[in-house]
Structure formats: C-alpha cells, structure tokens
Amino acid sequence: MIVLKADQRILVQNSKYSFLTNNYSSGVSSFYVLNASDSAFTVNAFLLLGNFGSEDAEIVQVSAVDSSTGLINLTTTTKRAHSESSRV
C-alpha cells in the first residue's frame with residue numbers, strides 16, 4: 001500500500017473556530033457552540049468538527065444558525081461522535 005503524507009496545516013491557518021458546548025453522539029443534525037454570532041457561522045458554510053487530520057474529524061455544512069442560543073443546524077447528520085470542547 002502506498003501512503004502519501006503532506007503538510008496541510010496551511011489550510012486551517014488563521015481560521016476562526018469555536019468549541020462544542022456538549023457531548024454529541026453520531027447521527028445528530030444540530031449542535032451548540034460558543035460564539036455562534038461569529039461571521040464564520042453562516043448558512044451554507046462548511047465546518048470542520050474536530051482537529052484537522054484526526055481520525056474522528058469530519059466536515060459538515062450549515063443549514064441554519066441561531067446566534068442568540070449558539071445552535072447550529074446541519075444539512076445532514078454527523079457520522080461520528082464529538083465530545084464537549086471539540087474544536088469547530
């Protein structure tokens with residue numbers, strides 16, 4: 001098997017991020033974050049749940065944002081579980 005390795009950290013340099021406020025199992029279509037009023041959380045935006053390159057990280061798309069409560073709704077359900085304080 002051929003394994004390719006590349007330094008992809010530049011993709012997330014200077015990115016804005018927040019953190020999950022609760023533990024979430026796989027299959028959820030919404031979650032709460034800190035700082036949902038940040039401009040990075042907009043409808044149709046793509047978010048990285050977890051740390052870049054980690055086995056449990058996944059990319060999701062935002063369908064709605066309630067900046068007053070911190071609720072982020074997704075276009076699909078998550079494939080993996082994510083713990084409180086996971087980076088978003």
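Tutor: Start with a pair: strand E3 (residues 58-66) and strand E4 (residues 71-74) run antiparallel and are joined by four bridges. Strands here are DSSP runs of E, at least two residues long, as helices are runs of H or I of at least four, all numbered from the N terminus. Two strands count as paired if DSSP finds at least two bridges between them.

Student: What kind of model is this, and what is left out?
Tutor: This is a predicted model: local features need pLDDT of at least 70, side-chain atom pairs count only at pLDDT 80 or more, and totals for chains, interfaces and linings use all residues. Residues are numbered from 1 along each chain as its sequence is written, and side-chain values use heavy atoms, with hydrogens and water left out.

Student: How many helices and strands does the chain have?
Tutor: Zero helices and four strands. Along the sequence the pattern reads β-β-β-β.

Student: What is the strand order in the sheet?
Tutor: E1-E4-E3-E2, in an open sheet with antiparallel pairing. The edge strands are E1 (30-32) and E2 (46-49), each pairing on one side only. From one strand to the next, the twist averages 45°. That angle is between N-to-C directions, on a scale from 0 to 180 degrees, with axes as lines fitted to C-alpha atoms.

Student: How many bridges join E2 to E3?
Tutor: Four, and those two strands run antiparallel. Phe-46 stands opposite Gln-61 in E3.

Student: What does Val-88 touch?
Tutor: Its partners include Lys-16, Ser-18, Phe-31, Val-33, Phe-41 and Leu-47, with residues up to four places away in sequence not counted. Contact means heavy atoms within 4.5 Å.

Student: Ser-18 is on that list. Buried or exposed?
Tutor: Ser-18 counts as buried because its relative accessibility is 1%. It lies in the segment before E1. Ser-18 touches Val-33, Leu-34, Asn-35, Phe-41, Ser-86, Arg-87 and Val-88, again leaving out residues up to four places away in sequence.

Student: And Asn-35, buried or exposed?
Tutor: Exposed, because its relative accessibility is 52%. Asn-35 sits in the loop between E1 and E2. Its phi is near 60°, a positive value in a residue other than glycine. Asn-44 lies in the loop between E1 and E2 too, and has a positive phi of about 75° although it is not a glycine.

Student: What does the Asp-66 side chain do?
Tutor: It makes a polar contact with the side chain of Ser-68, at 2.6 Å. A polar contact is a pair of N or O atoms within 3.5 Å; within protein, one must be able to donate a hydrogen and the other to accept it, and residues adjacent in sequence count only if both atoms are side-chain atoms. Asp-66 is partly exposed, as its relative accessible area is 31%. Asp-66 and Ala-36 are 30 residues apart in sequence and 7.2 Å apart in space, C-alpha to C-alpha.

Student: Where is Thr-69?
Tutor: In the loop between E3 and E4. A polar atom of its side chain lies 3.4 Å from the backbone nitrogen of Leu-71.

Student: Last one: how much of the chain is buried?
Tutor: Buried residues make up 27% of the 88 residues.

Notes: Buried < 20%, exposed > 50% of the residue type's maximum accessible area, 1.4 Å probe, protein only.
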